[in-house]
Amino acid sequence: MSLGRLAELYGVATSYSPAPDTTVRASDKAVTAALAALGVDASTPDAVRGALAAREAETAARLLPPTVVWWLGRPSEAGPKGPEQPKGSEGPERPERPEWLKGLPDGTRLTLTSSTASTASGASPAAEPGGWTYRLRSGEGQAADQRQPPPGVHTLTVETPAGVTATAHLVAAPRKAPLPPERTHGLLVQLYSLLSSRSWGMGDLADLADLASWSARTHGTGFLQVNPLHAAVPAGPEGGTDPSPYRPSSRRFPDPVHLRIEDIPEYAYVPSYAGEAAPLRDAVLRDAGGLIDRDAVWALKRQALEAVHAVPLTPGRRAAYWDFLAEQGTALEDHATYSALAEVHGPDRRTWPIALQDPRSPETAHVRRELMDRVDFHSWLAWLTDTQLVAAQRAARDAGMPVGLVHDLAVGVHPGGADAWAQRDVFAQGMSVGAPPDAFNARGQDWGLPPWRPDRLAETGYAPFRDLLRHLMRHAGAVRIDHVMGLFRLWWIPEGEEPTEGTYIHYDAEAMLAVLLLEASRSGTYVIGEDLGTVEPGVRERLREGGVLGTSVLWFERNYPPVGDGSPVPAEEWRTDCVATATTHDLPSTAARLSGDDVRLREQLALSTATPAEAAAEIAEWLALFARLGLLPRGCQDDEEEAVRAVHRFLLRTPARLVGVWLPDLVGDRRPQNLPGTWAEYPNWRLPVADATGRPVTLEELTASPRAHALLQVFAGTDTPLTDPPDARGV
């Protein structure tokens with residue numbers, strides 16, 4: 001009983017419910033390990049009793065928790081304009097008083113002594129004489145001072161009438177994130193997979209800009225959602241880089257492997273590397289078995305970049321680079337220092353000399369000075385990549401996209417990478433994030449990502465999360481948060497244990513949401529949450545209240561028992577606040593699902609799956625529905641291209657704010673980009689976009705494809721194909 005109470009006080013779950021009528025108890029071993037990762041000794045009954053007494057005394061003595069939230073505006077506000085007051089209401093609705101404020105005695109004085117407050121434009125407001133202050137009064141709910149703090153993250157000082165003082169971080173945030181002004185459709189793309197005739201063996205940021213410009217100008221697309229472009233862990237001497245974009249070294253800085261080298265102005269002053277780049281590109285594109293070799297691409301790009309780095313910057317570009325260094329500050333210095341140290345000691349910071357494992361040690365500072373040329377090189381790479389991200393978003397918006405680029409935020413980072421080194425005090429040591437067993441994976445999942453400690457986040461005013469969002473939103477029209485349920489809780493697994501031996505750790509969801517909505521409102525960025533799979537009751541509703549769009553995949557939208565009969569959800573009953581799509585990077589392409597290729601592939605790899613008969617029956621049910629709705633012409637059930645278009649006609653009938661089209665669906669690609677549960681058995685994250693035969697397709701060929709144009713014409717309100725573009729070919 002004492003262990004359960006101690007766990008509750010630290011947000012450690014002792015059970016979870018994988019289904020409405022099922023509760024699974026977490027083992028005492030898992031709970032004890034999670035508490036240990038939070039710095040709490042619960043190894044013996046005496047230790048539990050001591051820790052419990054200390055925690056209860058600490059909680060009782062403090063006036064405020066480390067971070068508190070003040071939601072700005074009125075509770076009923078549902079956007080820029082709140083609803084009209086009901087008839088008979090007396091006066092305007094008053095702002096809601098925060099719960100933590102209600103626990104303070106009357107007469108308590110609140111003062112903001114420092115602030116990151118901002119106006120809507122991002123500028124700092126003029127400070128009030130003496131700072132912003134607020135004094136609690138009796139009858140606060142009816143007739144007291146109703147002022148609210150300015151939006152931002154502040155240092156709050158409270159002083160009670162008895163002279164007791166306390167400080168805390170205060171996050172003053174709007175209640176909703178911005179919402180897209182109009183309904184639109186867009187493309188979902190894994191950038192590495194989209195090669196053009198100018199790519200160096202994998203897709204780059206110039207390809208991204210070109211795709212955005214073409215799709216917006218030709219087919220009116222409003223957004224382009226891209227895989228995480230986070231910096232990868234460098235390749236070590238014993239193996240290549242992890243190709244997964246969802247296990248990066250850093251989520252704060254982009255990967256320079258995405259650079260278009262020819263677009264760097266200084267490249268004009270070094271010998272051309274086009275001759276060396278062509279074989280890398282040809283190796284991927286020349287036959288159906290070609291795979292993307294990220295390490296080979298980076299080796300050549302790095303060689304070219306070393307030469308370009310030796311070319312002096314012009315005065316104007318040098319000034320811009322220095323501005324970037326000043327703006328990014330310590331975060332960039334840490335990232336570049338890690339990269340320089342990795343060149344000497346290997347990419348896994350856990351294997352470095354002990355003194356260098358601490359980013360703030362004197363030894364690290366000394367080595368940083370010795371390696372300053374390499375630190376500058378990696379800082380310069382971050383700047384170059386940032387400038388090309390700016391160009392890609394500008395190309396999207398100039399082409400008329402109302403949203404533009406949608407950047408993806410991975411769940412976490414590699415345990416040996418840059419962020420885990422620079423922010424090591426914020427990460428839970430000896431823990432990995434994953435998922436508990438469920439109907440699709442009886443063993444659960446271990447993603448190999450160290451989690452943030454909720455207590456350390458609160459102590460810092462959520463500074464790591466704020467900085468991360470600010471970096472990601474710099475050049476984004478929207479951000480997609482992978483596994484957005486992680487704002488509420490994460491499944492922690494002790495190192496060396498099976499995923500079944502984990503338990504959930506709860507985060508302060510209100511604080512996490514407040515930071516997210518604050519940064520989104522500051523930058524004008526829309527927010528999309530990937531909320532697929534098992535979701536706690538109330539989570540989707542809370543995200544919707546905050547203006548966070550969900551993710552709805554057609555094949556999963558069914559009226560599941562016990563509430564429903566398992567039939568597809570009618571299009572008009574889909575939620576409005578979501579991105580509606582037919583697939584994701586972890587799921588089969590639409591053509592593969594319709595043809596049954598996805599089931600055959602999983603059978604070949606001995607992965608659990610529905611039987612071919614079950615899968616065929618499910619597809620037949622959907623096709624029959626499309627036919628009844630007039631979305632699939634009579635006699636076209638066996639016409640794959642027409643069936644793919646019918647899927648998207650259905651998505652267009654939903655009220656979803658955004659409709660996403662998986663880029664490989666434009667040309668009938670049957671291969672999944674990632675097959676969860678596999679490693680060496682399948683070339684995850686290394687496949688180029690290909691046609692129905694498996695032949696790789698370039699960006700130029702895709703834009704000339706009659707099949708691609710026919711699918712995108714669905715969103716023009718007509719299925720009449722466009723006149724074949726010049727050099728159109730039957731991809």
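Me: How many bridges join strand E12 to strand E15?

Reply: This is a predicted model, in which local features need pLDDT of at least 70, side-chain atom pairs count only at pLDDT 80 or more, and totals for chains, interfaces and linings use all residues. Residues are numbered from 1 along each chain as its sequence is written, and side-chain values use heavy atoms, with hydrogens and water left out. Helices (H or I, at least four residues) and strands (E, at least two) are DSSP runs numbered from the N terminus, and two strands pair if DSSP finds at least two bridges between them. E12 and E15 run parallel, and the number of bridges joining them is four.

Me: Which residue of E15 is the bridge partner of aspartate 408?

Reply: E15 covers residues 478–481. Within E15, the bridge partner of aspartate 408 is arginine 480.

Me: Which residue of E18 is the bridge partner of valine 479?

Reply: E15 is joined to E18 by four bridges, and the two strands run parallel. Isoleucine 481 stands opposite glycine 529 in E18. For valine 479, the bridge partner in E18 is valine 527.

Me: Are the residues that point either way from E15 buried or exposed?

Reply: Buried means under 20% relative accessible area, exposed over 50%, and partly exposed in between (1.4 Å probe, protein chains only). Ala478 and Arg480 point one way from E15, Val479 and Ile481 point the other way, and all are buried.

Me: Which strands stand at the edges of the open sheet of eight strands?

Reply: The sheet has the order E18-E15-E12-E9-E8-E21-E20-E19, with parallel pairing. One side of each edge strand is left without a neighbour in the sheet, because each has a single partner strand; the edge strands are E18 (526–529) and E19 (550–553).

Me: What is the average twist from one strand to the next in the sheet of eight strands?

Reply: The eight strands form an open sheet with parallel pairing. From one strand to the next, the twist averages 25°.

Me: At about what angle to E8 does helix H6 run?

Reply: Axes are lines fitted to C-alpha atoms, for helices over the stretch in contact, and angles run from 0 to 180 degrees between N-to-C directions; contact means heavy atoms within 4.5 Å. Helix H6 (residues 205–219) lies across strand E8 (184–189), strand E9 (223–226) and strand E12 (404–409). To E8, H6 runs at about 150°.

Me: Which residue of E16 is the bridge partner of glycine 434?

Reply: Strand E13 (residues 431–435) pairs with strand E16 (residues 489–494) in the antiparallel sense over four bridges. Three bridges join E13 to strand E14 (residues 445–449), also in an antiparallel run, and there glycine 434 stands opposite aspartate 446. In E16, the bridge partner of glycine 434 is tryptophan 491.

Me: By how many degrees are neighbouring strands of the sheet of four strands turned against each other on average?

Reply: This open sheet has the order E14-E13-E16-E17 and antiparallel pairing. E14 and strand E17 (503–506) stand at the edges, each with a single partner strand, so one side of each lacks a neighbour in the sheet. With direction ignored, neighbouring strands are turned against each other by an average of 50°.

Me: How many of the 14 residues of helix H20 are buried?

Reply: The expected span of a helix is 1.5 Å times one less than its number of residues; for H20 (residues 640–653) it is 20 Å, which agrees with the 20 Å between its end C-alpha atoms. The buried residues of H20 pack against, among others, strand E20 (578–581) and helix H19 (612–628). Residues buried in H20 include Val644, Val647 and Phe650, and the number buried is eleven.

Me: How buried is threonine 385, as a relative accessible area?

Reply: Threonine 385 is found in helix H11 (residues 372–398). Its contacts, not counting residues up to four places away in sequence, include Leu205, Pro254 and Leu259. Threonine 385 counts as buried because its relative accessible area is 1%.

Me: How many disulfides does the structure hold?

Reply: A disulfide is a pair of cysteine sulfur atoms within 2.5 Å. Cysteine 578 counts as buried at 0% relative accessibility, and cysteine 636 is buried at 16%. The number of disulfides in the structure is zero.
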